[in-house]
Amino acid sequence: MMMNLRSDFYVTTPIYYVNDNPHIGHAYTTILADVLARYHRWQGQDVFFLTGLDEHGQKVQQAAQGRGLCEQSHCDELAASFVSLWQKLDIQNDDFIRTTQKRHIKAVQKALRKIDEGGDVYSSEYEGWYSVAEERFITQTEKESGQFREIKRFKERNYFFKMSKYQQRLIDYINTHPGFIQPEYRRNEVLGFLRQPLGDLCISRPKARMGWGIEIPFDKDYVTYVWFDALINYLTAAGYSEDEEKLRNWWPASVHLIGKDILTTHAVYWPTMLFALELPLPKTIFAHGWWLIGETKMSKSLGNVIDPLSLIDQYGVDPVRYYLMREMVLGQDAHFTLESFIKRYNSDLANDFGNLLNRVSGLIGKYFNGSVPLEGTRGTPEEEIRTTANNLVQKIQDLINAMRVHEAIEEILQLVRQVNKYLEVQAPWKVAKTNLVRAGTILYTSTEALRISAVLLSPVMPGRTHTVLDILGATGTAPLWGKLKAGIKLKSHEALFPRVET
Ligand code: MSP
């Protein structure tokens with residue numbers, strides 16, 4: 001299914017809690033957003049790629065207290081480590097939002113005023129169970145489920161958002177917008193959740209208990225509940241509090257990328273908030289699965305397990321980006337192991353892609369003095385490769401628009417494998433002895449297919465593909481057959497992906 005038919009593309013990641021150093025869960029979604037953003041830019045769309053940090057609420061407050069720092073200094077320190085991870089991961093985001101920024105505080109207060117004026121806010125005393133870990137009131141059934149930690153009994157006056165009022169409208173919306181929640185089984189999960197009566201949402205915390213948040217504009221004794229605050233970030237960055245024209249340009253977002261654990265907040269709280277704000281809903285909310293180690297979600301405390309991010313120092317960022325994008329079927333969980341990383345690296349990157357570069361540059365060096373030969377006359381095998389390569393561009397666009405990133409990558413690798421096989425069959429090293437022109441055709445064809453695969457893989461591996469294109473004198477070229485120039489002198493190079501011996 002096409003995600004979005006507009007000519008622009010606004011993609012977001014969740015904003016990450018600054019209660020800990022960044023980990024694989026944060027890195028994965030941000031890389032995914034970066035890959036999508038790069039593909040969409042390359043399709044000629046205007047792209048706005050937003051990521052950022054969730055800096056309010058109890059978890060962050062506790063983390064700051066635990067380090068003996070004031071909240072803001074704690075956030076500032078951790079923000080720096082997120083930013084440096086993004087640099088290390090080659091992330092090209094267009095904006096970086098932090099919920100302690102003025103523009104965001106303005107946006108949250110504007111939204112609160114708006115829903116209050118619309119009659120969707122009331123104050124009420126509530127007594128119930130509260131999970132400190134989850135930062136929300138829980139029902140008796142939830143308490144008994146044993147899934148919630150640090151449960152306390154609370155009696156408190158708070159502000160509530162009339163979320164229940166929008167339940168039927170949300171159900172109707174989901175039913176009439178099949179692409180809104182993806183993958184489809186997550187959509188069914190949300191519809192299942194909505195079969196129970198939806199309560200109202202407690203959107204405040206008394207300052208006397210938890211003061212680290214955005215003040216409620218109509219009651220200075222309260223701050224805003226962290227999720228109500230956080231979700232609004234997607235509007236803030238699109239100009240909600242200060243730039244109406246920007247908002248018109250960018251809202252609604254094309255896709256909110258999230259992990260499956262934050263589906264309810266995004267697919268239930270957020271759309272009802274937008275209904276109350278009289279704003280359109282995002283085109284797509286896409287929930288991906290988790291990176292698991294054994295059966296456990298791979299997050300902060302990894303114990304003696306290898307942190308995938310540590311692989312960057314040894315193998316470079318591109319193989320890590322490649323592995324994360326190729327190995328996870330979007331929507332499903334994936335298992336991280338060092339063995340599968342090395343296996344993937346050796347097979348796809350060293351043996352297929354890297355090897356193709358080594359072969360063509362070696363042969364062109366030996367038989368053509370390092371200059372790309374003329375294409376000459378294409379025979380049937382050359383036409384086959386040319387057709388696969390030319391059709392690939394549309395195929396990749398369709399797969400990316402359908403969020404089938406791992407399949408897009410696999411399609412490109414299939415071309416690479418096809419060319420490696422073609423080289424073996426055609427054996428230009430033998431042909432060169434008797435027919436140099438024909439050997440030139442074989443090598444032009446192989447190098448041109450390599451160039452096109454490098455262009456198509458560049459959103460996934462921006463660095464190494466740039467090196468390949470630089471070697472071929474083809475930086476910035478389009479993935480169309482024939483853009484490789486004959487006569488170009490190939491640059492000398494080292495092995496791009498040296499094989500890892502296990
Ligand atoms: N602050 C909220 C999001 C607010 S968005 C308006 C939050 N932050 S978080 O830092 O705890 O988590 C952010 C994301 O990391 C979630 O989407 C979560 O699914 C993802 N991941 C955490 N561990 C993960 C894996 N092991 N694998 C993949 N992603 C997982 O929730």
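## Strand E13, covered on both faces

In this predicted model, strand E13 has cover on both faces: Thr284, Phe286 and His288 are buried on one side, and Ile285 and Ala287 are buried on the other.

## Who pairs with E13

E13 runs parallel to strand E12 (residues 255-259), and five bridges join the two. One of these pairings puts valine 255 with threonine 284 of E13. To get from E12 to E13, the chain passes through helix H11 (residues 263-276), making a right-handed β-α-β crossover.

Strand E7 (residues 181-182) is also parallel to E13, joined to it by two bridges. Here glutamine 182 sits opposite phenylalanine 286.

## Around the ligand

Now for the ligand. There are 24 residues around it, and Ile15, Asp54, Asp261, Trp291 and Met298 come nearest. By class, this shell has twelve nonpolar, nine polar and three charged residues.

The side chain of aspartate 54 has an N or O atom 2.7 Å from a ligand nitrogen, and histidine 26 places a polar side-chain atom 3.1 Å from a ligand oxygen. The protein buries 94% of the 680 Å² that the ligand exposes when taken alone.

Which elements give two or more residues to the shell? They are strand E1 (8-17) and helices H1 (24-42), H8 (226-231) and H9 (233-236). E1 supplies the largest share, four residues.

Methods:
Residues are numbered from 1 along each chain as its sequence is written. This is a predicted model: local features need pLDDT of at least 70, side-chain atom pairs count only at pLDDT 80 or more; totals for chains, interfaces and linings use all residues. Side-chain values use heavy atoms; hydrogens and water are left out. Buried means under 20% relative accessible area, exposed over 50%, partly exposed in between (1.4 Å probe, protein chains only). Two strands pair if DSSP finds at least two bridges between them. A crossover is right-handed if, with the strands pointing away from the viewer, the path from the first strand over the helix to the second runs clockwise. A residue is near a molecule or strand if one of its heavy atoms lies within 4 Å of it. A polar contact is a pair of N or O atoms within 3.5 Å; within protein, one must be able to donate a hydrogen and the other to accept it, and residues adjacent in sequence count only if both atoms are side-chain atoms. Accessible areas come from the Shrake-Rupley method with a 1.4 Å probe; for residues, only the protein chains shown count as cover. Ala, Val, Leu, Ile, Met, Phe, Trp, Tyr, Cys and Pro count as nonpolar, Asp, Glu, Lys and Arg as charged, and the others, Gly among them, as polar.
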